[in-house]
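Student: Hey, could you walk me through this one? I'd like to ask things as they come up.

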Amino acid sequence: ALNTSGMLEAIKKQVLVNKIPLLGICVGYQMLTKKSEEGQLQGLGWLEAETLKFQDDSRQMKIPHMGWNYIKPVGEHPLANAFLEKSRAYFVHSYYVKAKSAKDIILETEYIQNFASGMAYQNIMGVQFHPEKSHKFGMQLFKSFVELSQ
């Protein structure tokens, strides 16, 4: 729908040319990667990563990953700095983002495996969890993003 709406070129101009900060949330985060196992179209490719389907051969973990889970800040980034070691966020997803380079990962979460629950590259940022459902931790993320965007 983004391709057919005519909005993609305007978004590209704002994000890639004018360097307006962008925060992708959940599927919006996954769309920032190069490709996804979920569909046939390529992702935007703005983050060096791919979106993969969770696999749990032991069948001990439920898919989708749904509910509260811990997020761990990694690296130095204003969005990651907003979180403490024991911060929690609300997740609902069956796919996860696998970063090509660890340097772009700002948040990590463990579910079936360790995955990048947050990434940032220049003015492009994304998180797998839902900040709007993540109580004080989500509010802190939004506050940090607004401060970063000013």
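Student: What kind of contact do the side chains of glutamate 9 and lysine 12 make?

Tutor: They meet in a salt bridge, at 3.7 Å from N to O. Keep in mind that this is a predicted model.

Student: OK, and what's the idea behind such a contact?

Tutor: Side chains of opposite charge can pair when their charged atoms come close.

Student: Where do glutamate 9 and lysine 12 sit, and how far apart are they in the helix?

Tutor: Both are in helix H2, which covers residues 7-17. They are three residues apart there, so about one helical turn separates them.

Student: And how exposed are they, glutamate 9 and lysine 12?

Tutor: Glutamate 9 has 53% relative accessibility, so it counts as exposed. Lysine 12 has a relative accessible area of 29%, which makes it partly exposed.

Student: How many salt bridges does a search of the whole structure find?

Tutor: Five. One of them joins the side chains of lysine 34 and glutamate 48, at 3.3 Å from N to O. That pair links distant parts of the chain, 14 residues apart: lysine 34 is in the loop between H3 and E2, and glutamate 48 is in the loop between E2 and strand E3 (49-53).

Student: Which residue does glutamate 50 form a salt bridge with?

Tutor: Lysine 35, and the closest N and O atoms are 3.8 Å apart.

Student: In which sense do E3 and E6 pair, parallel or antiparallel?

Tutor: Antiparallel, over five bridges. If you want a spot to look at, threonine 51 stands opposite valine 97 in E6.

Student: New topic: rings. How many aromatic pairs does the structure hold?

Tutor: Eight. Take phenylalanine 83 and phenylalanine 129: their pair is edge-to-face, with 6.2 Å centre to centre and 85 degrees between the planes.

Student: Are phenylalanine 83 and phenylalanine 129 buried or exposed?

Tutor: Both are buried. They also belong to one aromatic cluster, together with Phe54, Phe91, Tyr96, Tyr111 and Phe115.

Student: Last one, pockets. How much space lies in the largest pocket?

Tutor: About 440 Å³. Its lining has 17 residues, and Met31, Ser36, Leu41, Gln42 and Gly43 lie nearest the centre. Helix H1 (2-5), helix H3 (27-31) and strand E2 (35-36) are the elements that give two or more residues to that lining.

Student: Which element gives the largest share of the lining?

Tutor: H3, with three residues.

Student: And what's the lining like by class?

Tutor: Seven nonpolar, eight polar and two charged residues.

Notes
Residues numbered from 1 in each chain as written. Predicted model: local features only at pLDDT ≥ 70, side-chain atom pairs only at ≥ 80, totals over all residues. Heavy atoms only, no water. 1 Å grid on protein atoms, 1.4 Å probe; cavity = no way out; pocket = protein on both sides within 12 Å on 5 of 7 lines; lining within 4 Å. Points joined across faces, edges and corners; volume = space filled by probe spheres on them. Helix = DSSP H or I, 4+ residues; strand = E, 2+ residues; numbered from the N terminus. Nonpolar A, V, L, I, M, F, W, Y, C, P; charged D, E, K, R; others polar. Phe/Tyr/Trp six-rings, centres within 6.5 Å; stacked < 30°, edge-to-face > 60°. Buried < 20%, exposed > 50% of the residue type's maximum accessible area, 1.4 Å probe, protein only. Salt bridge = Lys/Arg side-chain N within 4 Å of Asp/Glu carboxyl O. Pairing = 2+ DSSP bridges.
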